[in-house]
Amino acid sequence: MLTYPLSGSSSELVLNVLSMVLSQGKPLDRAYSQHFSGLKLASDEQARITFVVGDILRRLNLYCYVVDIEAENFERVGSKLLNGWHYFHQLDFPKMKYSLQVDTKELDERIEQAKTHPALWDGCPQWLDDLGAQQLGGKWPAERSALALAPKRFIRVNELKCDKQQLIARLAKESVTAIEVNGVESALEITSNSALFRTDCFKDGWFEQQDAGSQLVANAVNAKPGMRVIDACAGAGGKTLHIAAQMQGKGRLLAMDVEQWKLDNLKTRAKRAAAHNVETRIIASSKTIKRLKLSADRVLLDVPCSGLGVLKRNPDAKWRDTPERLPVLVELQKTILQSYSRMVKVDGMLIYATCSIMPQENSEQVARFLKENPHFTLVDEEHIYVADHGFDGFYLARMRRIEA
Ligand SMILES: C[S@@+](CC[C@H](N)C(=O)[O-])C[C@H]1O[C@@H](n2cnc3c(N)ncnc32)[C@H](O)[C@@H]1O
């Protein structure tokens with residue numbers, strides 16, 4: 001949280017980043033890289049800017065309601081929103097060059113009105129509130145509130161390079177403070193505002209930035225040195241690199257995806273992390289999968305999903321997504337599960353994971369698969385709820401192939 005208002009130049013940056021997201025429909029990470037690259041901001045100031053942008057996007061409809069504007073008009077009225085945000089958080093107004101003023105009496109009235117609408121207060125669009133209530137029932141309000149909070153910063157220690165105590169000590173020398181995380185052995189929580197990617201520890205591959213909930217996925221894979229493991233939706237390799245560390249560089253780890261640029265990115269990260277047993281392979285057609293039939297001790301399917309468990313980290317998605325996307329994703333997940341499960345060998349494990357909290361993508365998907373595929377049996381499943389852990393929301397299920 002901020003204890004004093006943004007400077008004029010930081011306010012400008014916040015408005016520019018938000019404008020790129022809200023008026024031009026660009027993803028938040030792209031807006032950050034465009035506006036931050038080459039700026040050499042002090043890490044504290046960068047943290048303050050990202051906090052304000054993140055918080056505004058997490059509760060955009062609330063702040064728009066309070067200052068009585070439409071997000072579509074952000075380009076013209078963004079300064080009013082930023083003034084309103086400061087007032088809402090009991091901060092003085094920032095000193096911007098050009099700025100639309102707010103009527104504080106009106107703001108007080110609208111804040112009181114907003115308090116009577118819990119979904120608005122939690123920054124939740126109507127379609128998402130309807131979906132969450134329908135899918136999660138009584139569990140939804142707590143999840144909805146938890147998704148409106150700022151995410152904590154977690155890293156994963158790369159055990160191919162160092163151990164946790166060595167990492168904590170080296171980070172401290174670079175003015176980064178980190179504490180251990182209850183229940184997730186490989187994770188550290190960063191409690192300072194430091195710019196992690198500028199540290200030598202990062203450049204030397206001693207850690208990866210990865211949410212603690214996400215680290216539980218590779219833990220469920222529980223790969224051992226010498227195994228044959230396939231990460232079939234590997235993307236840029238967040239989970240692959242974690243699995244490589246579990247395998248201590250021994251055995252075969254095949255990272256696959258349908259996007260070559262992600263696999264290229266993965267290769268760069270694997271090199272930095274000294275994850276030498278990772279091989280990448282593009283999925284060009286169903287033949288790529290067929291050739292690997294009954295070949296793997298472990299197959300991880302970290303499938304494309306709605307990402308509704310990671311909205312605190314990707315708050316811009318709330319305002320870009322539509323409910324129509326979900327059934328399309330559910331169908332794709334079903335196809336991937338059915339087809340890619342063929343790669344698991346007898347007695348091997350299939351691990352299905354999403355960064356969603358919605359049963360439709362999770363336990364319902366797995367239940368249907370098991371019904372149609374009695375040669376697999378459920379070992380266990382885990383629901384990582386945002387409100388329970390403070391981590392991102394994930395789901396994972398472990399299934400064993402009992403016959404060919
Ligand atoms: C949730 S993301 C994976 C994130 C990644 N495992 C990580 O930890 O960083 C899902 C991935 O599935 C990929 N994907 C989409 N359709 C696919 C398909 N039919 N087969 C395999 N991967 C697919 C996407 O390109 C995306 O990288």
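Leaving aside its neighbours within four places in sequence, which residues is Leu301 in contact with? In this predicted model, Leu301 is in contact with Ala232, Cys233, Ile336, Leu337, Tyr340, Leu350, Ile351, Tyr352 and Ala353. The protein holds 19 helices and eleven strands. Its radius of gyration is 22 Å, close to the 22 Å that the globule rule gives for 404 residues, so the protein is as compact as a globular protein of that length.

**Overall dimensions and contacts**

- Taken along the principal axes, the box filled by the C-alpha atoms of the protein is roughly 70 × 50 × 35 Å.
- Buried residues make up 41% of the 404 residues of the protein.
- When contacts between residues at least 6 apart in sequence are considered, 70% of them join residues at least 24 apart.

**Nonpolar cores**

- The largest nonpolar core comprises 75 residues, and the members that touch the most other members are Val299, Leu301, Ile351 and Tyr352.
- At least three residues of this core come from domain 2 (153–209), and at least three from domain 3 (212–401).
- A second, separate core has 29 residues, including Leu13, Leu18, Val53 and Leu82.

**The seven-stranded sheet**

- Seven strands form an open sheet with mixed pairing, in the order β7-β6-β5-β8-β9-β11-β10.
- At the edges of the sheet stand β7 (278–282) and β10 (376–384), each of which pairs on one side only.
- On average, neighbouring strands of this sheet are turned by 15° against each other, direction ignored.
- Strands of a sheet pair through backbone hydrogen bonds, in either a parallel or an antiparallel sense.
- The pairing of β10 with strand β11 (residues 394–401) is antiparallel and extends over eight bridges.
- Opposite Thr377 stands Arg400 in β11.

**Helices against the sheet**

- Helix α12 (residues 212–221) packs on the sheet and touches β8 (296–302), β9 (344–354), β10 and β11.
- The direction of α12 makes about 5° with that of β11.
- Helix α18 (residues 363–372) lies across β9, β10 and β11, and α18 runs at about 180° to β10.

Methods. Residues are numbered from 1 along each chain as its sequence is written. This is a predicted model: local features need pLDDT of at least 70, side-chain atom pairs count only at pLDDT 80 or more; totals for chains, interfaces and linings use all residues. A nonpolar core is a set of buried Ala, Val, Leu, Ile, Met, Phe, Trp, Tyr and Cys residues joined through C-beta atoms within 7 Å. A residue is buried if 20 or more other C-beta atoms lie within 10 Å of its own, exposed if 12 or fewer, and partly exposed in between; C-beta atoms are placed from the backbone. Domain bounds come from an automatic or database domain assignment. Two residues are in contact if their C-beta atoms, placed from the backbone, lie within 7 Å. Helices (H or I, at least four residues) and strands (E, at least two) are DSSP runs, numbered from the N terminus. The radius of gyration is taken over C-alpha atoms; the globule rule is 2.2 Å times the number of residues to the power 0.38. Two strands pair if DSSP finds at least two bridges between them. Axes are lines fitted to C-alpha atoms, for helices over the stretch in contact, and angles run from 0 to 180 degrees between N-to-C directions.
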